[in-house]
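I opened my notebook to look up a few things in this structure. Here it comes, and my entries follow.

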Amino acid sequence: MRVASTIARELLIFAATLLVTSLIIFMVVNLLPGDVAGTILGPNADASSIAALRTTMGLDRPWPLRYLEWIGGLLTGDAGRSALSGQPVLALIGPKLAVTGWLVTLGMALAIVIAVPVGIAAALRRKHLDGLIWAGLSQLGMAVPAFLAGMLLVVVFAVQLSWLPANGYVRLAEDPGGWARHLVLPVVSLAIVQSAVLVRYVRSAFIDVLGEDYFRTARAVGWRFGSAVLRHGLRNASLQVLTVLGLQLATLFVGAIVIENVFVLPGLGSLLLSSVNQRDLPVVQTIVMIQVALVLVINGVVDLVARLADPRLRAEATEAGA
Amino acid sequence: MRRAGLIAGTACVGVVVVMALVALFWTPYDPGQVEASQALAQPSAAHLFGTDGFGRDIFSQLLVGARICLQVGIVSVAIGALVGVPLGIWAGMAPGRIGRAIMRVSDVLYAFPALLLAILLAAARGSASTGTAMVAIGVSTVPAFARVAHGATRSVMARDYVAAARASGIGWGGIARTHVLVNIAPVVLVQTSTSFGLAILAEAGLSYLGIGTAPTTPSWGRMLYDAQKYLYQAPLQLLWPGMFIAVAVLGFNLLGDGLRDALDPRLRTGRHDD
């Protein structure tokens with residue numbers, strides 16, 4: 001019962017958050033000074049043709065109406081039409097989703113695969129040279145922008161060694177081998193930077209666990225060090241790491257935008273940037289809304305899972321709800 | 001060992017600051033001066049780090065880039081701190097329910113990284129500039145400052161001296177000034193250093209995508225964008241701006257970690273028994 005009411009309350013707050021977010025996005029894009037119709041027609045356009053374009057684009061109507069139309073359309077699966085090509089926005093976005101989806105999920109997966117063992121090693125060996133080297137590498141990885149890592153990888157593996165393509169994309173259904181070859185460098189460059197940040201959290205979560213009483217007790221009653229680390233360490237550190245993963249998600253999406261640009265991948269990020277340059281506002285606001293909503297949804301789920309899994313947080317949540 | 005991090009961080013930041021100061025008064029060449037005959041020249045006595053694809057002197061651009069990097073960092077972190085810290089203090093001193101509501105609102109901003117905000121601003125304004133980049137980065141750092149200030153304020157408010165101050169009739173404003181602000185200053189300082197590093201990374205990314213610093217201004221991210229055209233002929237073009245971005249970010253990160261250890265007595269004692 002308590003759990004159910006907690007979930008209901010969270011859902012309500014969550015819906016309100018999404019509404020506020022969509023309002024922020026709409027207002028920034030539509031209400032800041034800067035006339036779309038004027039920009040599209042160029043500096044030499046006369047006032048009457050600008051006014052005519054504003055009418056055809058629906059820009060002369062009051063903004064609350066336009067906002068409601070946009071948000072209502074989004075909910076019913078119609079986000080309006082591109083100001084430039086006239087195509088439905090969602091039809092433009094659809095084919096790009098797979099590219100960005102692969103990039104982000106594979107990047108996140110590789111980052112976890114790298115960061116967990118490295119973070120544990122850095123924690124266990126923190127008083128030794130190798131542990132310090134791992135921690136130092138993580139510091140270095142955090143200081144390098146993902147797009148620079150991407151370009152350096154291109155120089156080595158595409159330009160010098162010619163092992164992998166420098167850019168472009170092939171659909172998975174067309175040619176699985178080519179698909180994989182085109183994704184290796186983008187995924188690796190995204191994962192390097194993400195894992196550098198993650199290593200830091202895995203390391204400190206594990207150092208915390210190693211100092212806890214239950215860990216010392218497990219050791220004292222004769223558990224081998226390795227199994228104590230796996231049983232207690234991994235389980236207790238995983239919640240902390242899960243929360244960080246959720247928070248990192250926004251950075252991952254942003255990283256994907258930049259990486260798609262480096263490797264000329266036809267994903268959401270490329271579409272977003274070209275729409276910004278052409279001032280295709282309906283496309284821009286819808287893509288940003290989709291990304292932000294995804295980040296919020298996944299973080300909400302992570303938060304809920306963490307609360308339900310951790311008895312201490314669960315007690316706090318029901319107490320706050322009472 | 002911890003000391004070493006602090007020293008290395010200070011040294012890295014020092015290098016960038018010195019470069020920025022030098023750029024205020026002197027650069028070997030005009031960083032925007034195009035000389036087509038000198039394009040992609042190797043490093044030499046005349047051009048310490050060589051020239052780029054337009055024949056512009058890379059060393060001069062790097063010097064000016066240091067100034068832009070610090071300028072963006074200072075302005076955007078100032079925006080984040082000046083909005084976020086009061087918000088966090090307010091949330092920390094307000095009764096529980098109101099405090100939680102304020103933090104909820106600030107947390108919404110976590111879903112808007114600097115890059116997305118800058119993209120929205122660029123789309124709305126029709127043009128991008130260092131100004132919009134600084135605003136976008138600044139706003140995106142607000143929630144981190146608010147969260148740090150909130151946590152620290154709550155622990156200060158639980159102390160006996162705050163109860164004593166209340167009992168002796170000092171108002172909330174007075175407590176915020178005399179007790180809270182002074183006691184949360186260390187954690188805010190640490191956050192400032194960390195945010196500075198993130199701001200530099202964000203600015204580099206924005207300039208690389210062409211929605212930050214204007215093309216004629218030699219920001220380090222912009223230099224990387226230009227270098228991308230010569231990945232095949234002159235891959236070394238990547239190295240210099242990339243290296244200085246890494247040095248600057250690493251410096252501020254190490255400085256933040258070092259300050260955290262130096263300023264937090266709890267962590268300092270923890271080091272001895274661990």
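**Confidence.** I checked chain B and found an average pLDDT of 83, with 95% of the residues scoring at least 70. I noted that pLDDT is the predictor's confidence in each residue, from 0 to 100. This is a predicted model, where local features need pLDDT of at least 70, side-chain atom pairs count only at pLDDT 80 or more, and totals for chains, interfaces and linings use all residues. For the bookkeeping, residues are numbered from 1 along each chain as its sequence is written, while chains are lettered from A and ligands numbered from 1 in the order in which they are written.

Where in chain B is confidence lowest, and where is it highest? I found the lowest mean, 44, in helix H10 (residues 265–273) of chain B, and the highest, 91, in helix H2 (residues 58–93) of chain B. Over residues 267–274 of chain B, pLDDT stays under 50, and the model has 3 contacts there beyond four places in sequence. Two residues are in contact if their C-beta atoms, placed from the backbone, lie within 7 Å. I also wrote down the model's scores, ipTM 0.81 and pTM 0.85.

**Chain B, the fold.** I counted 10 helices and 0 strands in chain B. My note on the terms: helices (H or I, at least four residues) and strands (E, at least two) are DSSP runs, numbered from the N terminus. The C-alpha atoms of chain B fill a box of roughly 75 × 50 × 35 Å along the principal axes. Of its 274 residues, 48% are buried. A residue is buried if 20 or more other C-beta atoms lie within 10 Å of its own, exposed if 12 or fewer, and partly exposed in between, with C-beta atoms placed from the backbone.

**Chain B, the record.** I looked up UniProt next, where an unreviewed entry annotates "transmembrane region" at residues 7–26, 70–93, 105–124, 130–149 and 238–256 of chain B. Its positions are given in the numbering used here, feature names are shortened, and annotations may be inferred rather than shown by experiment. I then tested two spans against the model. Residues 7–26 of chain B are 95% helix and 0% strand, and their end C-alpha atoms lie 28 Å apart. Residues 238–256 of chain B are also 95% helix and 0% strand, with 27 Å between the end C-alpha atoms.

**Chain A.** Here I found 13 helices and 0 strands. The C-alpha box of chain A is roughly 85 × 65 × 35 Å along the principal axes, and 36% of the 322 residues count as buried. The domain assignment gives domain 1 (2–75) and domain 2 (97–277) of chain A; such bounds come from an automatic or database domain assignment. The centres of these two domains, taken over C-alpha atoms, are 35 Å apart.

UniProt's unreviewed entry lists "transmembrane region" for chain A too, including residues 102–124 and 131–159. In the model, residues 102–124 of chain A are 100% helix, with end C-alpha atoms 33 Å apart. Residues 131–159 of chain A are 93% helix, and their ends lie 34 Å apart.
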